[in-house]
Amino acid sequence: IVAATATAPSATISGTYSDQTWATISDDTHGAMGSVSYTVPQSGRYVIIAQNLVQYTSASGNQNVKLRLYKNGSTEIKWFGFFAPAAVTNFFTTLTVNSGEIVLNAGDTIKAQLSTTMSSASISSDNAINYFSVYKIK
């Protein structure tokens, strides 16, 4: 089994993608999860899931927040975003991105990143909802 889970994220959410820092690491079978990225210990097929509950003070129409999985500092694996259809204030949204089955090589690094065009976006402190999980499936 190869697996890891991280919770208690923090990140400065701005107009450019920023790395999430994970304060709590659990179930890390190979010591591969760092505070920012997961270093793949064995080549194979993996599923990676990241999820954040994001709170916003305000957003106008077409503003967005995005969560993505990023590989080796240069390749976007997959992203998911929320786009405000109209002006909204004081709301929460849950962003979940699932890599699906992907092939990774030993030494690859994976991290979760956030970006937004909204004002005053922040990650909720609910660790039951905010997590980064990695599972080797083959």
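1. Lys71 is partly exposed, with a relative accessible area of 22%; on this scale buried means under 20%, exposed over 50% and partly exposed in between, with a 1.4 Å probe and protein chains only. The residue is placed in strand 6, where strands (E, at least two residues) and helices (H or I, at least four) are DSSP runs numbered from the N terminus. Apart from neighbours within four places in sequence, Lys71 is in contact with Ile77, Val103, Leu104, Asp108, Thr109 and Ile110, contact being heavy atoms within 4.5 Å. Gly31 is 40 residues from Lys71 in sequence, and their C-alpha atoms are 18 Å apart in space.

2. On the basis of the values: this is a predicted model, in which local features need pLDDT of at least 70 and side-chain atom pairs count only at pLDDT 80 or more, while totals for chains, interfaces and linings use all residues. Residues are numbered from 1 along each chain as its sequence is written, and side-chain values use heavy atoms, with hydrogens and water left out.

3. On secondary structure, the protein chain has 12 strands and 0 helices. Along the sequence this reads as β-β-β-β-β-β-β-β-β-β-β-β. Of the contacts between residues at least 6 apart in sequence, 73% join residues at least 24 apart.

4. Along the principal axes, the C-alpha atoms fill a box of roughly 45 × 25 × 20 Å.

5. On burial and surface, buried residues make up 43% of the 138 residues in the protein chain. The chain exposes about 6300 Å², of which carbon and sulfur atoms supply 49%; accessible areas come from the Shrake-Rupley method with a 1.4 Å probe, and for residues only the protein chains shown count as cover.

6. On charge, the mean positions of the 8 positive and 7 negative charges of the protein chain lie 9 Å apart. Lys and Arg count as positive and Asp and Glu as negative, with His and the chain ends not counted; each charge is placed at NZ of Lys, CZ of Arg, CG of Asp or CD of Glu.

7. The structure holds 4 salt bridges, a salt bridge being a side-chain nitrogen of Lys or Arg within 4 Å of a carboxyl oxygen of Asp or Glu. One of them joins the side chains of Asp19 and Lys111 at 3.2 Å, N to O. This pair links distant parts of the chain, with Asp19 in strand 2 (residues 18–19) and Lys111 in strand 10 (residues 109–116), 92 residues apart. Asp19 counts as partly exposed because its relative accessibility is 30%, whereas Lys111, at 18%, is buried.

8. A further salt bridge connects Arg45 with Glu101, the closest N and O atoms being 3.4 Å apart. Here too distant parts of the chain are linked: Arg45 belongs to strand 5 (residues 44–59) and Glu101 to the loop between strand 8 (88–98) and strand 9 (102–104), 56 residues apart. Arg45 is partly exposed at a relative accessible area of 36%, and Glu101 is partly exposed at 41%.

9. The side chains of Arg68 and Glu76 also meet in a salt bridge, at 3.1 Å from N to O. Arg68 counts as buried at 11% relative accessibility, while Glu76 is partly exposed at 36%. Elsewhere, salt bridges that share partners join Arg45, Glu101 and Lys138 into one network.

10. Two asparagines deserve a note on backbone geometry. Asn72, which is not a glycine, has a positive phi near 55 degrees; this residue is found in the loop between strand 6 (64–71) and strand 7 (75–83) and is partly exposed at 36% relative accessibility. Asn90 likewise has a positive phi, about 45 degrees, although it is not a glycine. Asn90 lies in strand 8 and counts as exposed because its relative accessibility is 59%.

11. Thr29 lies in the loop between strand 3 (21–26) and strand 4 (38–39) and is partly exposed, with a relative accessible area of 42%. Not counting residues up to four places away in sequence, Thr29 touches Ile1, Val2 and Ala3. Thr29 and Thr5 are separated by 24 residues in sequence and by 9.7 Å in space, C-alpha to C-alpha.
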